[in-house]
Amino acid sequence: MAERPRQLAFDLPLDPRYGREDFLVSPSNARAYDLIERWPDWPDTILRLVGPRGSGKSHLAAIWAVRAHAWTIDAAEVTGGRVPHLVSNGALVIEDADRAERDEAALFHLLNLARERGCYLLLTSAVPVERWGLGTPDLLSRLRLAPSAALEPPDDALLKSVLVKLFVDRQLVVDTSVIDYLALRIERSLARAGEVVATLDREALSRGRRITRAMAAELVGRNGAGDEAD
């Protein structure tokens, strides 16, 4: 029997769904989610969300931005001339505050002016502020004083729920054995879960077949994604 020809698989981007109803709460992110839900009843006007790539920081920031009618910018966009405008809205998200090229003087000015004018700030970062490499002691001190919430790596239940959601978002139906297999073997990261589901989607399309446990095992073995023995 002739082998079924492989189909072309176009890697079309899937827009992330950042609605409140799309965020899955578990012990690993419950405190951060609770703080977002409690706004404006925060212990300070500044809140820092800390967590690894794909942990849900941007999702929570997007939820808060809708609630607070906040603007969202990257840390590199904080420059001296823009500070008064940035705090004029009353609420601001600064994404990836630890990774971008920063104007530390402008960020310090922004923190001071935001506090003076009652502007709420939400900053996201992959690492604690002590590891941002800041060279301005007063800025480091000010950020240290701001409350923070950590998003931990997902637990088993959250990782499985996210895998199910990612497949559903792509209108893919898979057996629970696929979910269970992947949850035990891939890196415990929501970002990695997204990458694996996207790869399986492309692989299934190119083969013209449904996603199976065997296909998932092949992918995990091929990429060395922390696979464990059965």
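Visitor: Is arginine 222 buried, partly exposed or exposed?
Guide: In this predicted model, arginine 222 has a relative accessibility of 47% and therefore counts as partly exposed.

Visitor: And which residue does arginine 222 form a salt bridge with?
Guide: Its partner is glutamate 203, and the closest N and O atoms of the two are 3.9 Å apart. Glutamate 203 belongs to helix α8 and arginine 222 to helix α9, so the pair ties together parts that are 19 residues apart in sequence. Glutamate 203 itself, at 15% relative accessibility, counts as buried.

Visitor: What are Glu203, Arg207, Glu218 and Arg222 linked in?
Guide: Those four residues are linked in a network of salt bridges.

Visitor: How many salt bridges does the count come to?
Guide: The count comes to 15 salt bridges. Another of them joins arginine 144 to glutamate 130, with 3.4 Å between the closest N and O atoms. Here arginine 144 sits in helix α5 and glutamate 130 in the loop between β4 and α5, 14 residues apart. Arginine 144 is partly exposed, with a relative accessible area of 47%, and glutamate 130 counts as partly exposed at 47% relative accessibility.

Visitor: Okay, what about arginine 48, which is buried yet has no salt bridge: which side chain of opposite charge is nearest?
Guide: That is glutamate 130, which lies 5.9 Å away, while the cut-off for a salt bridge is 4 Å. Arginine 48 is part of strand β1, residues 46-50.

Visitor: So what lies 3.5 Å from a polar atom of that arginine 48 side chain?
Guide: The backbone oxygen of alanine 146 is found at that distance from a polar atom of the side chain of arginine 48. If neighbours within four places in sequence are left aside, the contacts of arginine 48 include Leu123, Val129, Leu143, Arg144 and Ala146.

Visitor: Switching topic, is threonine 124 buried or exposed?
Guide: Threonine 124, in strand β4 (residues 120-125), is buried, with a relative accessible area of 0%. Its side chain makes a polar contact of 2.6 Å with the side chain of glutamate 95. Computed along the sequence, 27 residues separate threonine 124 from alanine 97, yet their C-alpha atoms are 6.0 Å apart in space.

Visitor: Which residues touch the most other members of the largest nonpolar core?
Guide: Of the 28 residues in that core, they are Val78, Ile94, Leu110, Leu121, Leu123, Trp132 and Leu143. The elements that contribute two or more residues are α3 (83-87), β3 (91-95), α4 (104-117), β4 and α5 (137-145). Of these, α4 supplies the largest share, 6 residues. Apart from this core lies another, of 24 residues, among them Leu158, Leu190, Ala216 and Leu219.

Visitor: What covers the buried residues of α7?
Guide: The cover includes α6 (156-169), α8 (190-207) and α9 (213-223). The buried residues of helix α7 (residues 176-185) are Val178, Ile179, Tyr181, Leu182, Ala183 and Arg185.

Visitor: Last topic, how many aromatic pairs are there?
Guide: The count comes to 5 aromatic pairs. In one of them, the ring centres of phenylalanine 23 and tyrosine 33 are 5.6 Å apart and the planes are at 5 degrees, so the pair is stacked. Phenylalanine 23 lies in the segment before α1 (30-38) and tyrosine 33 in helix α1, so the pair ties together parts that are 10 residues apart in sequence. Phenylalanine 23 and tyrosine 33 are both buried.

Visitor: And how are the rings of tryptophan 39 and tyrosine 120 arranged, stacked or edge-to-face?
Guide: Their centres are 5.5 Å apart and their planes at 80 degrees, so the pair is edge-to-face. Tryptophan 39 and tyrosine 120 are both buried, and together with Trp42 and Trp64 they form one aromatic cluster.

Methods:
Residues numbered from 1 in each chain as written. Predicted model: local features only at pLDDT ≥ 70, side-chain atom pairs only at ≥ 80, totals over all residues. Heavy atoms only, no water. Helix = DSSP H or I, 4+ residues; strand = E, 2+ residues; numbered from the N terminus. Buried < 20%, exposed > 50% of the residue type's maximum accessible area, 1.4 Å probe, protein only. Lys, Arg positive; Asp, Glu negative; His and termini not counted. Polar contact = N/O pair within 3.5 Å; in protein donor to acceptor, adjacent residues only side chain to side chain. Contact = heavy atoms within 4.5 Å. Core = buried A, V, L, I, M, F, W, Y, C linked by side-chain atoms within 4.5 Å. Phe/Tyr/Trp six-rings, centres within 6.5 Å; stacked < 30°, edge-to-face > 60°.
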